[in-house]
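Please keep the sequence and the structure in view while reading.

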Amino acid sequence: CSQRHGMQIRTRSGGHDYEGLSYVAKDPFVVLDLINLRKIEVDAENSTAWVLAGATIGELYYSISQKSKTLGFPAGVCPPVGTGGHFSGGGYGFLMRKFGLAADNVIDAHIVDVKGNLLDREAMGEDLFWAIRGGGGASFGVIVAWKIKLVPVPSTVTVFRVPRTLEQNATEIVHKWQLVANKLDEDLTIRINFGRATSENGNLTVQAQFESMYLGGVDQLIPLMQESFPELGLVREDCIETSWIGSILYMAGFTNGESTDVLLNRTQANGVSFNKGKSDYVRDPIPDVGLEGLWPFFFEDEGQSSFVQFTPYGSRMDEISESEIPFPHRAGNIFHIQYGVSWQEEGDEEAQRHINWIRRMYS
């Protein structure tokens, strides 16, 4: 139909498209909305699953947890993200340093090509199968299903969130993190979330929150941290032992003891806000003077919610060739930076103000 009528196609899977490219175009277009293609079949015995492209990561995690306590999948931390866009763009999270990206663990797919043929991996050929795992899905056809390889996780994992403000030597601790984060044990991932906070004396400050998941118990984690990253000062009281699915809930901001059913909720909890994101890859540590140049940006605008996030690479991400799939950010990258800003006010002028802010911060 779209060929006959000269319309463009926009393919939308389960949602959460940063730039809105799945539902906007300058030319006349149709949206192929896959949101009702949600079936997930988990084969725990063979550690695989078929996931239809409209399912969310939360629905996938939930389905895995219903079948096994010792299987997981290396994808992202935001449950409402649609698997179609996530897998086809790469898909990173707390299991990345041990098992790579979501796209690294895709073993088959079903795609509808421009002529309307439904193809699996064998029928589409290895070139096309290569392209859809990290090269973005929308350019190549309509991916309707993915077959993924599930990965082993221990029955007990440990999570923590440790905040440090500028007054608590955050700059120095972040500097040390840059030197060790990509060299830590592959079972340990520590990312940093930066944002504006209020210090103990009531003044505005910047807080670096060290957020971690360790594939093992607290008894192994504490000595590991004392040896490799003592600057953080992690103590047992900071740590929570839980299951892998418990760590998913924890990282998504749900309270301890909340039912895994919340992962099935497809709508954002905080309602709709406008946002803009950017990202960077870091190959050399940012010097202290660079970090200190970053902090004032968090004090600029009271009316916006802004954050910067450092996510470490290394381990398995160093071992996969940059041409293995179309996601080339592998060996040599210490960490990934995500910049984000969100706001509530409508209108172009407001939007431009916040977008200008993130572009200045980025440059």
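Helix H2 (residues 57-67) is largely enclosed by the rest of the structure, because 9 of its 11 residues are buried; buried means under 20% relative accessible area, exposed over 50%, and partly exposed in between (1.4 Å probe, protein chains only). Helices (H or I, at least four residues) and strands (E, at least two) are DSSP runs numbered from the N terminus. The model is predicted: local features need pLDDT of at least 70 and side-chain atom pairs count only at pLDDT 80 or more, while totals for chains, interfaces and linings use all residues. Residues are numbered from 1 along each chain as its sequence is written, and side-chain values use heavy atoms, with hydrogens and water left out.

The buried residues of H2 include Ile57, Leu60, Tyr61, Tyr62 and Ile64. The buried residues of H2 pack against several elements, among them strand S4 (48-52), helix H3 (83-89), strand S8 (142-149) and H9; contact means heavy atoms within 4.5 Å. Thr260 lies in the loop between H9 and S14. Thr260 counts as buried because its relative accessibility is 18%. Leaving aside neighbours within four places in sequence, Thr260 is in contact with Tyr62, Gln66, Ile245 and Leu249.

**The sheet**

Strands of a sheet pair through backbone hydrogen bonds, either parallel or antiparallel. In this model, 7 strands form an open sheet with antiparallel pairing, in the order S13-S10-S12-S11-S15-S16-S14; two strands pair if DSSP finds at least two bridges between them. Strand S13 (239-242) and strand S14 (274-282) stand at the edges with a single partner strand each, so one side of each is left without a neighbour in the sheet. On average, neighbouring strands of this sheet are turned by 20° against each other, direction ignored. Axes are lines fitted to C-alpha atoms, for helices over the stretch in contact, and angles run from 0 to 180 degrees between N-to-C directions.

Within the sheet, strand S11 (residues 188-198) and strand S15 (residues 305-312) run antiparallel and are joined by 3 bridges. Asn193 stands opposite Gln309 in S15. H9 lies across strand S10 (157-165), strand S12 (204-214) and S13, at about 25° to S10. Helix H12 (residues 348-362) lies across S14, S15 and strand S16 (335-343), running at about 160° to S16.

**Empty spaces**

Rolling a probe the size of a water molecule over the atoms shows where empty space is left. On a 1 Å grid over the protein atoms alone, a cavity is a set of points where a 1.4 Å probe fits but cannot get out, and a pocket is an open set with protein on both sides within 12 Å along at least five of seven lines; lining residues have an atom within 4 Å of a point. Grid points are joined across faces, edges and corners, and a volume is the space filled by probe spheres set on the points. The whole structure holds 2 cavities of 30 Å³ or more.

| Space | Volume | Lining residues by class |
|---|---|---|
| Largest cavity | About 100 Å³ | 11 nonpolar, 3 polar, no charged |
| Second largest cavity | About 40 Å³ | 3 nonpolar, 3 polar, 1 charged |
| Second largest pocket | About 160 Å³ | 3 nonpolar, 1 polar, 5 charged |

Ala, Val, Leu, Ile, Met, Phe, Trp, Tyr, Cys and Pro count as nonpolar, Asp, Glu, Lys and Arg as charged, and the others, Gly among them, as polar. Helix H9 (residues 244-251) gives the largest share of the lining of the largest cavity, 4 residues. Residues lining the second largest cavity include Ser65, Lys69 and Trp244. The second largest pocket is lined by residues including Asp104, Arg133, Lys149, Arg316 and Glu324.
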